[in-house]
Amino acid sequence: MLTSTVTDRLRDLVGSSNLITERDECLAYAYDGTAMLKHEPKAVVMAQSTEHVVGVLQLANREGFKVVPRGSGTGLSGGAVPVDDCVVLCTLPMNRVLEIDQDNLTALVEPGVITANLHAQVEALDLFYPPDPGSMKVCTIGGNVAENAGGLRGLKYGVTRDYVLGLEVVLPTGEVMWTGGKNAKDVAGYNLRQLFVGSEGTLGIFTKILVRLLPRPKARQTMLAVYDRMTQAAATVSAIIAARIIPATLEFLDQVTLRCVEEAAHIGLPTDAEAILLMETDGHPAVVAEEAAAMEKLAREHGARSVQVAATPEEAVKLASARRLAFPSLARLRPTTVLEDVSVPRSRLVEMVEYVQRVAREEDLLIGTFGHAGDGNLHPTILMDERNADEVERMHRGFKRIVQKAVDLGGSITGEHGVGLLKKDFMEGLVGPHGLETMRRFRESMDPRQVLNPGKMFSARPRCE
Amino acid sequence: MNKSGWQEGDAPADDDLLNCMRCGMCLPACPTYQITGRERSSPRGRIALMRAVSEGDLSIDSQVLSDELDFCLGCLACTTACPAGVDYGSLLEAGRDQLARRQMAWWQKLPFKLFEGPGRLRVLARLLWLYQRSGVQWLARSLGILKALKLQDAEGMLGRVPFHSSYDSLVGEHRAYGSEKARVGMLLGCVMDVLFVEENRATVEVLRRNGCTVVVPRSQGCCGALHAHAGQLEGARKLASTMTRDFAGCDVVAVNSAGCGACMKHHCEGLVVRDVHELLLELGLTPPTRMLPGRFTYHDACHLAHGQGLKDAPRTIMQAACSEFVELPRADRCCGSAGIYNLTHPQTANELLADKLDAIESTGAAVVGVANPGCLLQIRQGLKQRGDRIRAEHPMVLLARAYK
């Protein structure tokens with residue numbers, strides 16, 4: 001229990017300037033970026049060092065309170081939403097880039113480094129850290145690793161998982177462990193570090209993160225294709241892949257979304273079109289030119305009403321703004337914005353989008369869909385008012401149907417936002433009883449006292465609750 | 001849901017509070033959050049606190065709430081960053097209005113009275129002129145009275161108060177040079193009127209050169225921005241309605257002070273209000289007769305860039321008048337002036353000012369364009385203290401010079 005004696009011990013550990021116990025201020029840590037989830041923590045620790053993290057976890061194991069890790073609180077599955085009797089452990093103050101190794105192409109950073117700041121630092125050296133989640137100006141690398149964050153470049157460059165080389169982890173029981181390293185090849189033992197990537201703050205708290213860097217692509221070309229039929233857009237995506245081209249970006253907006261964008265920003269999108277595709281290729285200038293020409297041709301062959309090719313970097317920014325404005329334009333429509341995140345095999349994309357549209361009709365919901373057509377990760381966005389009980393019920397029903405459909409199509413309940421609190425009830429349906437049992441066993445052995453982010457991702461065994 | 005903790009009257013609107021989806025995109029834009037690193041000092045945190053009051057989870061008398069609404073600069077950088085279009089400015093004003101009604105003593109409201117009757121500030125300006133010229137200032141400074149009263153910063157910021165306000169010389173009608181494109185009412189402002197006489201004169205001159213007949217009504221007072229900013233919404237509305245009456249009959253009202261313009265666009269119903277840069281471009285800018293020599297840069301006043309969404313217009317005008325224009329790093333970050341914030345929170349204001357001055361110095365510019373009286377006072381004072389030779393000038397002054 002987090003009694004006042006225990007908070008005194010916390011204060012001794014981290015100092016009073018790094019401990020928040022005042023109830024009113026704790027209200028400002030009751031949420032993350034997930035709609036409609038809120039729970040007050042009892043205290044917040046602003047961790048300045050690995051020692052602080054160790055101290056808090058050791059104390060939690062002794063005294064039996066819970067610990068919820070947090071970065072900037074931009075998560076979209078409730079991973080950083082507090083639980084009963086918990087301390088929020090915020091790693092935001094640990095925000096140094098410790099090393100950029102230009103020989104081995106790695107960067108060693110603390111968990112509180114803002115993703116866009118890492119981008120800026122490595123790009124100044126003509127290097128490249130590809131993961132670019134939508135919140136990259138705000139979110140932290142620590143949170144990105146915990147959630148295995150994706151972004152717009154997933155198709156060609158993969159996600160955060162593909163860039164984590166090593167981790168310093170404080171285990172749930174308070175020990176400090178290092179896993180991985182700068183070696184390109186290393187097959188010794190179980191690959192523990194990959195187990196921590198995407199563990200959503202349930203298996204440990206990262207205090208140092210070693211990431212892989214790439215040379216920065218020298219050239220890039222951006223195109224925007226407009227389609228009368230969504231199936232034509234999907235056919236273009238398939239044709240591009242069949243032509244053995246892996247574009248850096250293949251982003252999709254449905255009609256609801258592109259109408260919202262046009263209404264909000266007046267950038268000249270045809271509102272009678274059913275879909276648009278934003279396409280980008282990057283790399284060696286000669287290859288980029290060749291691929292861009294091929295992609296444009298394929299788009300036209302598959303029925304694109306128009307294909308705009310950016311002539312200048314400024315034009316590229318303008319074309320990309322259609323996709324960049326998708327979420328903001330939708331979010332303005334109604335008070336509550338529920339951002340969904342499902343993933344299906346690329347070949348099932350059209351079925352998924354059509355099903356979302358069906359759900360919108362049948363449940364009388366306003367849903368705009370956009371997302372990463374290249375990697376099959378879609379963000380159906382439900383726009384509603386949480387004060388309307390009937391609409392909330394329809395939203396929950398629609399949400400459930402969409403997630404279930406993704407599973408039925410051989411997809412996943414989440415592509416890049418994580419399970420957290422939002423989707424833990426869908427876990428067994430996705431991974432099966434043995435999958436879930438293996439995860440539970442693993443978690444129990446790592447965190448026997450259920451200290452770290454309990455109730456997230458999946459519930460503990462019924463007997464323990 | 002419990003009963004709302006707000007009192008009757010103006011209160012943060014539930015619709016606006018709910019619009020915040022807590023995505024956090026405002027965090028990197030917020031200067032106070034950047035300073036403290038605490039969620040409570042961020043727009044998202046402040047909205048969460050206000051929402052807690054609305055939902056009956058937090059007392060209106062919470063010290064954290066009142067400290068943070070007070071600590072906020074009101075720079076509105078968050079509204080530019082916000083994807084959901086949350087009207088943070090209105091939330092802040094209404095939240096402050098609620099707290100002011102509970103907390104403000106009668107004597108704390110006295111300074112606002114200065115702005116409520118036309119001419120009151122001009123009387124004060126005359127007194128200040130007398131103070132500066134009569135030797136009392138010398139006496140007060142040398143005896144350390146100002147220091148003892150903690151007024152030395154505010155006093156130093158004033159510069160030399162001119163004897164004549166711009167009102168004295170500008171009231172009336174000034175015919176457009178050449179054919180008339182528009183009949184434009186001009187707001188002299190309260191602070192602009194007494195401390196920025198040259199800036200107001202230059203604005204009239206520029207407007208006339210751009211085909212505007214400029215009307216300066218005799219009975220214009222204060223726009224109410226300072227009131228609204230401090231949570232005196234009733235006073236602000238009263239002043240705004242007076243404004244609407246004073247400028248009736250003008251096609252458009254031109255404003256050369258960013259804070260006043262933002263406030264009037266928001267509160268003066270029935271008036272067509274334009275920032276002067278915006279208006280000039282809408283009318284089609286008369287090209288300057290020469291380019292001013294040297295390197296220039298431009299600082300975004302918060303209530304122009306964020307409050308009115310005007311970033312390009314003043315730059316276009318600077319570029320038309322200046323032979324060399326360079327961008328200022330983080331140009332749209334608050335300079336710390338923020339109304340009277342530099343008087344109420346000198347430490348934070350000075351921290352922001354130091355960053356701003358460093359940025360200005362890094363450009364190597366000789367002149368920085370600044371289109372708001374508060375920022376002009378703040379940045380000029382900062383440059384003076386550092387012994388910099390860089391000057392801060394209103395773009396209208398620069399443009400008027402380029403017409404000569």
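The dialogue below goes through selected features of chains A and B in turn.

Guide: Please keep in mind from the outset that this is a predicted model.

Visitor: Let us begin with sheets. What holds the strands together, and in what order do the 5 strands of the open sheet in chain A stand?

Guide: Strands of a sheet pair through backbone hydrogen bonds, and the pairing is either parallel or antiparallel. In chain A, the open sheet has the order E5-E6-E10-E8-E9, with antiparallel pairing. Strand E5 (97-101) and strand E9 (176-180) of chain A each have a single partner strand, so one side of each lacks a neighbour in the sheet. From one strand to the next, the twist averages 10 degrees.

Visitor: How many bridges join E5(A) to strand E6 of chain A?

Guide: E5(A) and E6(A), the latter spanning residues 106-109, run antiparallel and are joined by 4 bridges. Ile100(A) stands opposite Ala107(A) in E6(A), and Glu99(A) has Leu108(A) in E6(A) as its bridge partner.

Visitor: Which strands does helix H3 of chain A lie across?

Guide: Helix H3(A), residues 50-63, lies across strand E8 (164-170), E9 and strand E10 (205-212) of chain A. H3(A) runs at about 50 degrees to E8(A). Helix H4(A), residues 115-123, also packs on the sheet, where H4(A) touches E5 and E6 of chain A. The direction of H4(A) makes about 35 degrees with that of E5(A).

Visitor: Are the residues Thr336(A), Thr337(A), Val338(A) and Leu339(A) of E16(A) buried or exposed?

Guide: All are buried. Thr336(A) and Val338(A) point one way from E16(A), whereas Thr337(A) and Leu339(A) point the other way. E16(A) pairs with strand E19 (residues 377-384) of chain A in the antiparallel sense over 4 bridges. In E19(A), Thr381(A) is the bridge partner of Leu339(A).

Visitor: What is the order of the open sheet of 4 strands in chain B?

Guide: The order is E7-E6-E8-E9, and here the pairing is parallel. Strand E7 (322-325) and strand E9 (391-393) of chain B are the edge strands, each pairing on one side only. Neighbouring strands of this sheet are turned by 40 degrees against each other on average, direction ignored. Strand E8(B), residues 367-370, pairs with E9(B) in the parallel sense over 3 bridges. Val367(B) has Arg391(B) in E9(B) as its bridge partner.

Visitor: Next, helix pairs. At what angle do helix H3 and helix H4 of chain B pack?

Guide: H3(B), residues 43-54, and H4(B), residues 63-71, pack at an angle of about 135 degrees, with their axes 10 Å apart. H3(B) is therefore oblique to H4(B). The crossing of H3(B) past H4(B) is left-handed. Arg46(B), Leu49(B) and Val53(B) in H3(B) meet Val64(B), Leu65(B), Glu68(B) and Leu69(B) in H4(B). This contact has 5 nonpolar, no polar and 2 charged residues.

Visitor: How far apart are the axes of helix H14 and helix H24 of chain B?

Guide: The axes of H14(B), residues 197-209, and H24(B), residues 395-403, are 8 Å apart, and the helices pack at an angle of about 50 degrees. That angle makes H14(B) oblique to H24(B). H14(B) passes H24(B) in a left-handed crossing. Among the residues of H14(B) that meet H24(B) are Ala202(B), Val206(B) and Arg209(B), and the H24(B) side includes Met396(B), Leu399(B) and Tyr403(B). The contact of H14(B) with H24(B) comprises 7 nonpolar, 1 polar and 4 charged residues.

Notes
Residues numbered from 1 in each chain as written. Chains lettered and ligands numbered in written order. Predicted model: local features only at pLDDT ≥ 70, side-chain atom pairs only at ≥ 80, totals over all residues. Pairing = 2+ DSSP bridges. Helix = DSSP H or I, 4+ residues; strand = E, 2+ residues; numbered from the N terminus. Axes fitted to C-alpha atoms, helices over the stretch in contact; angles between N-to-C directions. Contact = placed C-beta atoms within 7 Å. Buried ≥ 20, exposed ≤ 12 C-beta atoms within 10 Å, placed from the backbone. Parallel < 35°, antiparallel > 145°, perpendicular 65-115°, else oblique. Left-handed = near helix turned anticlockwise from the far one by under 90°. Nonpolar A, V, L, I, M, F, W, Y, C, P; charged D, E, K, R; others polar.
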